[in-house]
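Welcome to this short briefing on a protein fold. Take a look at the sequence and the 3D view below, then follow the notes topic by topic.

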Amino acid sequence: MESVLVLGGDGFCGWPTALYLSARGYRVGILDNLSRRRIDMELKADSLTPIASMSDRLAIWARLGHGDMPFFELDIARDYDGLRRVLREFKPTAIVHFAEQRSAPYSMAGSTHKRYTVDNNISGTHNLLVALVELDMDAHIVHLGTVGVYGYDGSEVPMPEGYIDVEVIGPDGTRYPRSILYPTEPGSIYHMTKSMDQLMFQFFAHNDRLRITDLHQGIVWGIQTHETRLHDMLINRFDYDGDYGTVLNRFLVQAVMRHPLTVHGTGGQTRGFININDTVRCLHLALQNPPKKGDRVKIFNQVAETKRVIDVAQMVARHTDAQIAFVDNPRKEAAENDLAVTNAGFQGLGWEPVLLHHEQLRETLEIVRRFRFRYAPETVAARSLWTREQKPGVVRKKVGNRHA
């Protein structure tokens with residue numbers, strides 16, 4: 001039986017991934033420092049859905065007949081010896097790495113948040129790589145990165161899956177072919193750490209022959225998978241606040257609560273999107289198709305489609321009769337951009353992505369209505385600014401859904 005250790009398995013993507021793999025016969029262990037729960041308390045911004053304790057979650061999963069999933073509460077960025085101990089004890093054949101601070105706004109909130117994001121993300125990834133080398137373990141690492149490492153200031157050509165072929169011209173005019181990592185242009189401290197992950201992966205794959213897959217994911221929408229629907233205590237978290245709430249989920253909460261949909265800037269920012277069910281499916285596909293020992297890092301773009309933020313807002317407004325409010329953009333980014341992303345890797349493995357349309361919003365809207373009593377309106381506004389020159393977002397214009 002293949003053993004998979006899910007780092008960050010208490011989080012928004014990690015929890016449904018752990019359940020998905022366990023339901024398909026993998027021996028799954030979860031390692032997490034529970035920092036996301038502590039950040040909830042720091043921000044006074046709980047998940048809209050109530051999240052049970054990890055012990056209760058795992059007890060329900062076992063009671064449903066899926067067996068035990070051992071849980072290791074551990075900070076891989078700070079407790080290297082503890083990480084080695086878990087790896088020796090659990091003996092994973094694969095490791096799914098979600099154990100990073102995942103919010104761009106949170107990473108830009110202030111010096112403490114910037115330092116925490118770098119210390120946590122970089123040290124955690126490096127400790128994992130060093131531990132596998134020290135223990136001489138041939139475990140396939142599947143890391144959740146982001147397509148945002150490439151930036152959003154322009155996209156004349158589709159973003160490739162990690163690599164581009166170039167020619168370097170020598171002093172005598174000779175052309176030398178090279179295959180290099182596609183240049184990164186991170187737009188936040190969070191994205192910068194994901195860019196640095198790429199370089200560490202490149203080094204350890206080449207120097208120590210570690211088998212690594214890096215998934216460049218888009219913005220996730222939706223919250224539930226088949227497994228998280230099985231019991232209320234398995235429900236996935238639902239972030240809607242200005243730091244952790246992904247844009248579509250935030251719009252849906254605002255619509256139900258009759259709050260205008262807050263669109264930053266013009267809404268002309270184009271982003272990649274993927275449904276949470278496709279996140280877990282793609283993780284599974286990556287595990288089933290590992291690189292060989294000695295191969296360069298395998299990189300997939302985990303993106304189903306691209307859409308402008310204003311188009312997403314207009315779709316939600318039409319479906320829910322919500323208003324749209326344009327607010328100042330707290331980010332330092334292009335006001336508008338085009339974006340095309342190649343996802344041929346996963347499509348070649350048989351992936352048929354779920355695309356966003358109004359019918360797909362129904363379940364999420366039902367969950368929002370069910371837990372609307374947990375809504376905290378003061379947490380919705382974006383509070384993190386990218387530069388000192390910027391000011392907190394204020395409403396510049398509202399439009400009704402008939403104009404959306």
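Two strands count as a pair if DSSP finds at least two bridges between them. With that in mind, this predicted model has an open sheet of seven strands with parallel pairing, in the order β3-β2-β1-β4-β5-β8-β12. An open sheet of three strands, ordered β9-β11-β13, has mixed pairing.

- The edge strands here are β3 (71-73) and β12 (298-302), and each of them pairs on one side only.
- On average, neighbouring strands in this sheet are turned by 20° against each other, direction ignored.
- Strands β2 and β3 run parallel and are joined by three bridges.
- To find this pairing in the 3D view, look for Ile30, which stands opposite Phe71 in β3.
- In general, strands of a sheet pair through backbone hydrogen bonds, and they can do so in a parallel or an antiparallel way.
- Helix α9 lies across β1 (3-7), β4, β5 (140-146), β8 (212-217) and β12, and runs at about 145° to β5.

- β9 runs parallel to strand β11 (residues 270-275), and three bridges join the two.
- Which residue of β11 stands opposite Val220? That residue is Ile274.
- Helix α10 (residues 309-320) lies across β11 and β13, at about 80° to β13.

**Helix α6**

- Helix α6 covers residues 111-135, which makes 25 residues.
- From its first C-alpha to its last, α6 reaches 35 Å, close to the 36 Å expected at 1.5 Å a residue.
- Among the buried residues of α6 are His113, Thr117, Asn120, Gly124, Thr125, Leu128 and Leu132.
- Just after α6 comes Asp136, with a positive phi of about 55°.

- His97 sits in strand β4 (residues 94-97).
- Is His97 buried or exposed? His97 counts as buried because its relative accessibility is 1%, and the cut-off for buried is under 20%.
- The His97 side chain makes a polar contact with the side chain of Thr125, at 3.0 Å.
- The side chain of His97 also reaches the backbone nitrogen of Ala99, at 3.3 Å.
- Leaving aside neighbours within four places in sequence, the residues in contact with His97 include Leu7, Ile76, Leu128, Ile141 and His143.

**Cys282, a helix residue**

- You can find Cys282 in helix α9 (residues 276-288).
- With 0% relative accessibility, Cys282 counts as buried.
- Not counting residues up to four places away in sequence, Cys282 touches Gln302, Phe346 and Trp351.
- Cys282 and Asn301 are 19 residues apart in sequence, and their C-alpha atoms are 9.9 Å apart in space.

**The nonpolar cores**

- The largest nonpolar core has 73 residues, and those with the most contacts inside it are Met69, Phe251 and Leu261.
- Phe251 is in contact with Leu261, Thr262, Val263, Val309, Val312, Ala313 and Val316, leaving aside its neighbours within four places in sequence.
- A second, separate core has 30 residues, including Phe72, Ile95, Ala139 and Phe204.

**Two loop residues with positive phi**

- Leu34 has a phi near 60°, a positive value in a residue other than glycine.
- Leu34 belongs to the loop between β2 (27-32) and α2 (35-43), and counts as buried at 16% relative accessibility.
- Lys44 also has a positive phi, near 55°, and is a residue other than glycine.
- Where is Lys44? Lys44 is in the loop between α2 and α3 (54-66).
- Lys44 is exposed, with a relative accessible area of 66%, whereas Leu34 counts as buried.

Notes:
Residues are numbered from 1 along each chain as its sequence is written. This is a predicted model: local features need pLDDT of at least 70, side-chain atom pairs count only at pLDDT 80 or more; totals for chains, interfaces and linings use all residues. Side-chain values use heavy atoms; hydrogens and water are left out. Helices (H or I, at least four residues) and strands (E, at least two) are DSSP runs, numbered from the N terminus. The expected span of a helix is 1.5 Å times one less than its number of residues. Buried means under 20% relative accessible area, exposed over 50%, partly exposed in between (1.4 Å probe, protein chains only). A nonpolar core is a set of buried Ala, Val, Leu, Ile, Met, Phe, Trp, Tyr and Cys residues joined through side-chain atoms within 4.5 Å. Contact means heavy atoms within 4.5 Å. Axes are lines fitted to C-alpha atoms, for helices over the stretch in contact, and angles run from 0 to 180 degrees between N-to-C directions. A polar contact is a pair of N or O atoms within 3.5 Å; within protein, one must be able to donate a hydrogen and the other to accept it, and residues adjacent in sequence count only if both atoms are side-chain atoms.
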